Amino acid sequence: MQRRSFLKQAASAGVGAAAAIASPAIGQTGSPEVRWRVATSFPKSVDTIYGVSEHMVKRVSDATGGKFQIRVFAPGEIVPALQVADAVQQGTVECGHTASYYYVGKNTAFGFETTMPFGLNSRQQNAWLSFGGGRKLINEFLREYNIVGLTCGNTGAQMGGWFRKEIKSLADLKGLKMRIPGFGGRIFGALGAVPQALPAGEIYQALERGTIDAAEWVGPYDDEKLGFFKVAKNYCYPGWWEPGSTLSLYVNIKAWDALPAEYKAALESACGEANDRLLADYDNRNPAALQRLVNQGTVLRAYPRDVMQAAFEASKQIYAEEAAKNPAFKKIFINWEPYRTEAYRWFRVGEGTMDNFMFASLSAQPAAQAAPVKSAAPAKK
């Protein structure tokens, strides 16, 4: 009996030892200390996006027992907001939290990772990146810039910008100076506007001084904090150039390759959590913020039909031109375009019909029950 008891105890101890050996060594004595810096393109005043980068690095630290620490640096503390990708590429910092479409001037293929005008909504974008081949294609492209990209935030559908004067038709865009980056800016340029790329911290002052006539950022919560409603009262929708904008953690490829496997897993998991967290945060904050803006005199205006149609046609022409001359763009585009078509076919049946029913049903409620947000009717041609 004693011998059998001893054997059982030994076997039990052996199982425990094997489990301990098989489990990740994160946070244990043998794990290396890693200290990184992350430069962000987003100011501290935008607590949604800046805040999610802080949350992400905390989760990495928590998952590694404090062994893997990443410190967040705001724009200007190491590099300017729109030079984060350059800093990562050159190894000035190990990683950066940014939006890929800030860098379409380097190569237009950068646009796909964040969003494309009349492209995928937030859920479709996540699906494409995770399961539709998007992330694989993008990271193949990013290797040319010594970068590994991780999905790290989504804003959801954005608003269509603040205008000092009402946009009644396509003609009102002629000569209009607007802060808008990426392909959205290029399409506005094709429609006669003058697009300008400005970081978040410079938009209000430019709009207040009249250096620009219009500006877009994200949506009600961020836009309220940045104060745009104080200098421009016309708030247009939808943000057809940003139907589901993804933010990215760009990691220097040498820094990534040097990470232990368990630290890579911790970073990937933290970025995935940040992606879900940011979208939920915006969906939670934007409704009340939109109502506050309206209460303070903001006028909601749908883009006129001729503007929407002209922009859509311009997007198709620009994409065709880019695919014809840029192999990197074409390689991603020929995957992305049919994926977009199929995604919207499904959403039209599943999501769209339900959403449209609920929009109509809730609008028909008595005034005391329905949400009081009001918007101006779309301008007629």
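A search of the whole structure, which is a predicted model, finds zero disulfides. Cys152 takes part in no such bond, although the sulfur of Cys271, which is the nearest cysteine sulfur, is 3.8 Å away.

Helix H2, spanning residues 47–63, and helix H11, spanning residues 261–295, pack with their axes 9 Å apart and at an angle of about 150°, and the crossing of H2 past H11 is right-handed.

At the level of the whole protein chain, the secondary structure comes to 13 helices and 12 strands. Buried residues account for 52% of the 381 residues in the chain. Among contacts between residues at least 6 apart in sequence, 79% join residues at least 24 apart. The accessible surface of the chain comes to about 18,000 Å², and carbon and sulfur atoms contribute 54% of this area.

Helix H8, which covers residues 200–209, has two sides that can be told apart by burial, with Ala200, Ile203, Ala206 and Leu207 among its residues being buried. These four residues lie on the same side of H8, because they cover an arc of only 105° around the axis. In general, an α-helix has 3.6 residues a turn, so residues three or four places apart point the same way. On the other side of H8, Gly201 and Arg209 are exposed. The cover over the buried residues of H8 includes strand S6, at residues 177–179, and strand S8, at residues 214–215. Just after H8, Gly210 adopts a positive phi of about 85°.

Two further positions were examined in and around helix H5. Gly119 is found in the loop between helix H4, residues 111–114, and helix H5, residues 122–131, and this glycine counts as buried because its relative accessibility is 0%. When residues up to four places away in sequence are not counted, Gly119 touches Gln124, Pro243, Trp336, Arg340 and Tyr344. Gly119 and Trp240, which are 121 residues apart in sequence, are 8.2 Å apart in space from C-alpha to C-alpha. Asn126 is found in helix H5 itself and, at 18% relative accessibility, counts as buried because the limit for that class is under 20%. With residues up to four places away in sequence again not counted, Asn126 touches Thr151, Asn154 and Asn275.

Key: Residues numbered from 1 in each chain as written. Predicted model: local features only at pLDDT ≥ 70, side-chain atom pairs only at ≥ 80, totals over all residues. Heavy atoms only, no water. Buried < 20%, exposed > 50% of the residue type's maximum accessible area, 1.4 Å probe, protein only. Contact = heavy atoms within 4.5 Å. Disulfide = S-S within 2.5 Å. Arc of directions from axis to C-beta. Areas by Shrake-Rupley, 256 points an atom, 1.4 Å probe, with all protein chains shown as cover. Axes fitted to C-alpha atoms, helices over the stretch in contact; angles between N-to-C directions. Left-handed = near helix turned anticlockwise from the far one by under 90°.
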